[in-house]
Amino acid sequence: MKKYIISIMLCLPLTVMAQNVWERPESKTTKPAPAAKVKKVKSVEDPKYLEGAVPEVDGKVEWTLNVDVPGKKAQELYDAMLKYMDELTHDENQLEGSGVAIVNKQDHVIVTNVREWLVFKDQFISLDRTKFHYSLVTTCTDGHVKVLMGRMIYRYEEERGNGGQVMKAEELINDKNALTKKKDKLYKTTAKFRRKTIDRKDFLFGDISNMLKRL
């Protein structure tokens, strides 16, 4: 009888014998948390480049700097500005034709033609720049200096076979041609010209102001 029972047990499937000891293991590996959704941040243009940043006088793009220099005579200011303009037009960024064009010693007026590179991007394998032409008209009186920046022209990609593009500031960087309808963004095609021109103007006017304050 005992041998009979043993034989029956040997014939039973293994799963029946072990049904109480087999189980599915719990995974100890923690599932990674789902990646947080990154919200797209809407780019906001610096207000210094938006509406009103490029003034027009009688349809011409012009910026004017006025600096009070108390106690200084017109001749002294004229001499300082003539030296500044001469140095400006002889630095390494200047092009042929850049220089003091004409002066009026009696009325203390200096007309300077600036021909320089305006660089948009300067990387190892990429150089994007334009020739930038403009005039600076300086008028000195007792205790005051006025500098007018105008007659701006861009000569872009002249090295190309078609001769590149020649564009006036009035066709390129004024509000009409550089700003979108809502006036809160710049057109991509003209943005770099407007930004870099404003930056250059800010640098020059700031540099002149600081120089005069040190007199």
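**Helix crossing.** I looked up how H3 passes H5 and found a right-handed crossing, where right-handed means that the near helix is turned clockwise from the far one by less than a right angle. The model is a predicted one, in which local features need pLDDT of at least 70, side-chain atom pairs count only at pLDDT 80 or more, and totals for chains, interfaces and linings use all residues. Residues are numbered from 1 along each chain as its sequence is written, and side-chain values use heavy atoms, with hydrogens and water left out.

I then noted that helix H3 (residues 74-88) and helix H5 (residues 188-213) pack at an angle of about 140°, with their axes 11 Å apart. The contact (heavy atoms within 4.5 Å) involves residues of H3 including Leu77 and Met81, and residues of H5 including Arg200 and Asp207. By class, I read ten nonpolar, no polar and two charged residues in this contact.

**Strand E3.** I saw that strand E3 (residues 63-68) has a covered face of Trp63, Leu65 and Val67, whereas Thr64, Asn66 and Asp68 form the uncovered one. E3 pairs with strand E7 (residues 144-156) in the antiparallel sense over six bridges, and Lys146 in E7 is the bridge partner of Asn66.

**Thr138.** I found Thr138 in strand E6 (residues 126-141), and Thr138 is buried, with a relative accessible area of 0%, where buried means under 20%. Leaving aside neighbours within four places in sequence, Thr138 is in contact with residues including Met81, Met85 and Lys146.

Conventions
Axes fitted to C-alpha atoms, helices over the stretch in contact; angles between N-to-C directions. Helix = DSSP H or I, 4+ residues; strand = E, 2+ residues; numbered from the N terminus. Nonpolar A, V, L, I, M, F, W, Y, C, P; charged D, E, K, R; others polar. Buried < 20%, exposed > 50% of the residue type's maximum accessible area, 1.4 Å probe, protein only. Pairing = 2+ DSSP bridges.
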